[in-house]
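Q: Could you take a close look at the charged side-chain pairs for me?

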Amino acid sequence: MSEATGMLGGLAALVVGADEIGLGIAQRFECEGAEVAVLEYDESLRGDPRAVAAAVTECMDRGERLDVLVCNLLPAARPIALEAVDAGAFGDSLRVLQDCRAAMQAAFPELRESRRGRILLVGHRYGENVAESLGAYNIAAWGLVGLMRTAAVEWGPHQITTNLLLPVARTTEFEAARARRPAVIDRLVAQLPLRRVGDPERDVGGAAAFLASDAACFVNGEVLYADGGQQVAGPVLNPARFVPMP
């Protein structure tokens, strides 16, 4: 591995989940000097923990080591009223948690060997606050909190830190909601203390880079908000209000 400068200089990272937020984090990691691999969380992996573990292992086999694992896995936020949530919708949320667990377990030996391993789970505000008509999604988001805190306690003795990042970013979902109700979304943004939605690379990626860096070596089991202050001042954007209910 070549020498590199930056907050993450010389470190090897794997980002699982290549949506806009995942790619933004990967790009920021590269700017900070990390060697980054990105694993697409597509239909060949979704809901298949064994396939996820095998794909993570294959990615690690291509590099010298692994220092940072980012799990950016969440189910689609499909609006379903609680009385209509069935076993299928509930199962989808649990399968995402199983996939995240499988990725973490597959990466654990390398992170333990690193002696400065970092695990970063990317979640959603619904992991601490609940939005109506998103029951299955709420379940998955809350489950990530428990998974993160369990790893923080059990894997901490190996100098592996595990934290949860809750971002607010300008994504395709956000822009779709804005196209449907521009006045409403603009009002929501205006209520944010910073008066803007985060950029996946600059803002969310910057927070992720901090958690992956040596500067955060004593930060473990924490929830970090990269949301411009929404958690203290602004309402949560609920996609169920802007898309048709089934």
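Q: Which residue forms a salt bridge with Asp92, and how far apart are the closest N and O atoms?

A: Happy to walk through it. This is a predicted model, where local features need pLDDT of at least 70 and side-chain atom pairs count only at pLDDT 80 or more, while totals for chains, interfaces and linings use all residues. Residues are numbered from 1 along each chain as its sequence is written, and side-chain values use heavy atoms, leaving out hydrogens and water.

The partner of Asp92 is Arg95, with the closest N and O atoms 2.4 Å apart. A salt bridge here is a side-chain nitrogen of Lys or Arg within 4 Å of a carboxyl oxygen of Asp or Glu. Arg95 and Asp92 lie three residues apart in helix α3 (residues 87-114), so about one helical turn separates them; a helix is a DSSP run of H or I with at least four residues, numbered from the N terminus. Arg95 is partly exposed at 36% relative accessible area, and Asp92 is partly exposed at 35%. Partly exposed covers the range between buried (under 20% relative accessible area) and exposed (over 50%), using a 1.4 Å probe and protein chains only.

Elsewhere, salt bridges with shared partners link Arg116, Arg118 and Asp214 into one network. Glu43 and Arg46 also pair up, at 3.5 Å from N to O; Glu43 is exposed at 64% relative accessibility, whereas Arg46 is partly exposed at 35%. Arg62 meets Glu58 at 3.2 Å, N to O, with Arg62 exposed at 60% and Glu58 partly exposed at 45%. By this rule, the count is eleven salt bridges.

Methods: Helix = DSSP H or I, 4+ residues; strand = E, 2+ residues; numbered from the N terminus.
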